[in-house]
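Visitor: Please take me through this model, one question at a time.

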Amino acid sequence: MSSPSELADRKGSKGAYRLVVAEDAYLVREGIRSALEREGEEVEVLEYCPDLGSLLRAVEAAPPDVVITDIRMPPTLTDEGIQAAATLREDHPEIGVVVISQYVSPHYALKLFEHGSAGRAYLLKEHIGHRIQLMEAIREVAAGGSVVDPKVVDVLVEARMRAKNSRLSRLSTREREVLAGVATGASNAAIADSLFLTKRAVEKNINSLFAKLDLTDDKTTSRRVRAALLFLADSDLGAGADL
Amino acid sequence: MNSSAVSREPAFDQLDGDIELRDPAFGGGVRNADVVVIAVALAAASAAAAIVATGGVTSDPTTVATVLVANIATLAVGGLIWRRGRPASSFGNLLLAEGVLVFVSSLSGSANSGAHLIGMLGGWAAGLGATWLLLSFPGSRLGGLTWIVMGLAVATFLVGELPLMLLSPKVVGVSGIANCAGACPANAALVVDAPNAAAAFRHVEGVLQAAWGLSLLFYLSAAFAWASHARRRLLLPVFATSVPFVVAFAINAVAFDLIGAPPSSTARAIFAGARILFPLGFIAGLLFARAYAGEALAFMASKLVGRPSVATVEQLVRSVLDDPQARLVFWLPRSEQFVDRHGTPVALDPAYERRRWRAFGHGDVRVLAVVHDVVLGEDPELVTAVGAASLLALDNRRLEHDLLDSVDALRASQRRLVGAASAERRKIERDLHDGVQQKLVALRIRLELARDVAGESNGLADRLAELAADFDDALDELRAAAHGIYPPLLADEGLEAALREVVRRWHAPLDAELEDVGRLPEDRETAIYYCCLEALQNVAKHAGDDAVASLRLWRDPKAVRFSVVDNGVGFLPHPDGKGAGLTNMADRIGAVGGTLAVRSKPGEGTKILGRVTIEASDRAGDVVPV
C-alpha cells in the first residue's frame, strides 16, 4: 500500500474532496459548515444529514470520498457514527470516515478500529475548527490512513505514565513523544516536523521503542496507529507481569 | 401513665398499663373486703362455738364446735380464694353463703326453742347447700341429671323432715352430729304430737335421705369417670374429700332414721372428720388447677423458645389442654373474622360443636382465639395460660415477620432511591452532553474559525489563543464533571466496557480480567460499577504505595460476580460492620439484592467479593430504558 502522504493529493472528480456530513446538533453542524467553507475549493459538501438513516441514503445516492459523522445521532443516540463506519467498511470500503465525538474515552476510537483502522479517523468535535487537524483527518482517511485525536492519546499516555511499573517507563521521553505521535496516526514526517527532529531520528526512535514494547513495526500507518493505541489502551494491564 | 386506648405502642420506658407492685391479680395483696369477710367469719366461728358450748343442748359440744369453726373458716377462706382466682365464677359466693348457713345451723345448739328451730332449719339448708355445691361444682348452676339429686335432697326435707317437725316434739337435725343430748328444747314448730305418723315420716325421711346420699355418690362417681383429664384435676380433691362425707351421710340416714340406732361416738367422730375435710376439697381443686396451669405455662414457654411454627403451637395447645380437637384461630381485623392456620374462615358461635372459644389479644385488639372442649371452660386458668403462651409465641413470629417485611421494604426503598439517583445522574450527564457541552463545543469551533480570520501574530490573535486555551480547560473540566456524574460508557456499552475504561485510565498498577457479562438492568450495572470504583479507590488510598490491585468481573449461570483484591497492608475489619466506605458499597450491592464480602487482615491485603444475582428477566435485551 502506498504511504498516505503520497496519496494525499488524490481527490474527487472535480479535484475537491466530496463530503457527506452527518451531525444532528444544529450549532455543531453550522460550525462544521463554516470550517469547511473556509477550505473553499478543496472540499465539496454533497449533503448535510441529521441522522444515520439519511446518511446511509445520501452515501448510496452519491458516494462521497469522505464521510464526516457525529458518533451519536438519532435514532438511538448511542454510537451511530461507528455503525455507519462499519456499514461503509462493507459496502464502500473506499470511503474514508471521520467520526467526530465529544468522548475522550479511547473505547470509542478502539471500537471504530475494530473493523479495521484504514481510512478511519476519530476526532474530537472541539478540534473541528482547527483547520490543520480537520483537513489532515479528511486527507488521511481519503488516502486510507488513520487518525486519532491527540487528546485521546494524551489521556492514555498520561494515565500510563502515572502508573508505576508501566512499561512506558522503559521509554525515553523522546520515545514516548514519538509513540504518542504514532498513535495519533501522524506520518514519520509529520512527527519529525512537530518534534523538530529529522525523519531519520524519528525512524530510529520508532524502531527502538517498538522493540522495547515488543510491538511489530508496521510501515502502514493505519495499522501502526492501531497497534500503538491498543498498546496504550490495553497491553499494560498486567502490571507485575514483565518487570 | 401513658395508656390511651389508641396508642398500642407506648414508649419503651413507660408502663403500658396499671401494674402495681403487688398486683392483686398475681399472688399476695389483701383487699379491704377480704379483711371484712375474714373478720366476720372469725366472729361467726367464735359465736357458733360459744353457742354450742354454752347451750347445753348438744351431746358432744367440743366436736360440734370444732366442726362448725373449721367449716365456717374453710368456707370463708375458700370463698375468698375462689372469688379472687375465678372472679367470673360465682362459686366463691356460694361457698360464702354456705358458710353463713353453717353459722345459722349453730343456733341449734341453743336452749332457746325458737333459736333451736332456726338452727335446725339452718342445718337443713346447709345440707341442701352442700349438695348444691357438689352438684354444681365447679360452676354455680345445676342442669340435667343433677336436678334429680337435688330434687331428692329437697324432697327429703319437704316430705320427710318438714312433716316430722310438725308432728314430733323432738326435732332431728340433718347433720348427724348436732343432735341434742336429751334436754332438747321444745319443738317450736310442733302442731300435733302424732308419734305413729311421725315414725312413718321418719322412715320416709330415712329412705329419701339414703337415696339422696347414694344418688349424690353415684353422680360424683359418674362425673369423675366421664370427666376429661383436665376436669379430673379439678374434681379429684373435691371427690376425695366429699365421698367420705356423703357415704357417712347416707349410712347415718339408714342407721339413725331407718334402724333407729343412735350413731356411735366413733361414727360421729368419723362423720365430724369428713365434714371438716369436705369444704377443703373446693380450695384444693382450685389450687390444683392453678398449679397445673402454671406448669402448663412453663412447659409451653420452654417449647416456644425455638420459634415454633403455627402448627407446632397448635399441637402444643392440644397436648397441654389434653383436647385433641383444640384449635387456634386467628382474627383478621380487616374482614372481621377468624381463620384457621390455613386461612380458612372459621365461624365461632356459642353453640360451636359443643366447643367453646376464648379470644386473646392486646387490650381490645383481638389476635387469636383458642377453641376448646366445653368442659375446659371449667378450667379457665389453663385456657388462659395456653392462650397467653400462644399469643406470645405468635407475637414473636409476627415481630420477626414484621422485621423481615421492614427489611424488605427498606431494601426496596433503598433500591428505588439508588435507582432514582442513578437515573437522575444519567439524565444530568445526558443533559450536559447534549446541552451545554454541545454548545461549548460549537462555540469552540467558531472560536477557532475566528482565530483563522484574525490571522497570525497580532494582539487579537494572541487574545483569541488565550481564550481558546481557557475554553479547552473549561471543556475538559465539564467533560470530567459529566463523566463523574455518570460515565456515558456505562450507559452505552455496559459494565465491561465501562470498567475497562476505568482500568485504562487508572493511575496505578492494576491487573484486570474482565469478562463480557452482557447487559444487565441499569441499577445492577450502576451498583457494580460504583462498587468496583470505590473498592479501587480504597486500594489507592489505604492499601499502601506498593499495593497492586486486581479487578475481576465474571459471570456464572446465576450471578454476575466481581472482585477487587490487593496485596496491600490490609486492615482489621471492624467487628460490628465496616468503615463508611465499605458500608456504602454494601448498601449499593444490597439495594439490588446482591451480597458483598470483605476479607482482610493486617499485612495480608484486602479482598472484596461481590455477587449480584441475575434473574431470568435480567438477560441482555431487557435493559431498563432510560
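Visitor: At what angle do helix H2 (residues 61-85) of chain B and helix H9 (residues 280-303) of chain B pack?
Guide: This is a predicted model: local features need pLDDT of at least 70, side-chain atom pairs count only at pLDDT 80 or more, and totals for chains, interfaces and linings use all residues. Residues are numbered from 1 along each chain as its sequence is written, while chains are lettered from A and ligands numbered from 1 in the order in which they are written. Helices (H or I, at least four residues) and strands (E, at least two) are DSSP runs, numbered from the N terminus. The axes of H2(B) and H9(B) are 9 Å apart; with axes as lines fitted to C-alpha atoms, for helices over the stretch in contact, and angles from 0 to 180 degrees between N-to-C directions, the packing angle is about 30°.

Visitor: How are H2(B) and H9(B) oriented to each other?
Guide: Angles under 35 degrees count as roughly parallel, over 145 as roughly antiparallel, 65 to 115 as roughly perpendicular and the rest as oblique. The angle here is about 30°. H2(B) and H9(B) are therefore roughly parallel.

Visitor: How many residues in the contact of H2(B) with H9(B) are nonpolar?
Guide: Contact means C-beta atoms, placed from the backbone, within 7 Å. H2(B) brings residues including B:Val77, B:Ile81 and B:Trp82, and H9(B) brings, among them, B:Phe282, B:Leu286 and B:Arg290. Ala, Val, Leu, Ile, Met, Phe, Trp, Tyr, Cys and Pro count as nonpolar, Asp, Glu, Lys and Arg as charged, and the others, Gly among them, as polar. The contact has 1 charged residue, 3 polar and, for nonpolar, 7.

Visitor: Which helix gives the largest share of the side of chain B that touches chain A?
Guide: 34 residues of chain B are in contact with 33 of chain A. That side of chain B divides into 16 nonpolar, 4 polar and 14 charged. The largest share, 13 residues, comes from H11(B).

Visitor: How is H8(A) set against H10(A)?
Guide: Helix H8 (residues 173-184) and helix H10 (residues 199-212) of chain A have axes 9 Å apart and pack at about 95°. That makes H8(A), relative to H10(A), roughly perpendicular.

Visitor: Which strands of chain A stand at the edges?
Guide: 6 strands form an open, parallel sheet in the order S2-S1-S3-S4-S5-S6 (chain A); pairing takes at least two DSSP bridges. The twist averages 20° from one strand to the next. Strand S5 (residues 120-124) and S6(A) pair over 3 bridges, with A:Arg120 opposite A:Ser146. Each edge strand has a single partner, so one side is left without a neighbour: S2 (43-49) and S6 (146-148).

Visitor: At about what angle to S2(A) does helix H3 (residues 52-61) of chain A run?
Guide: H3(A) lies across S1 (17-22), S2 and S3 (66-70) of chain A. Its angle to S2(A) is about 135°.

Terms used:
Two residues are in contact if their C-beta atoms, placed from the backbone, lie within 7 Å.
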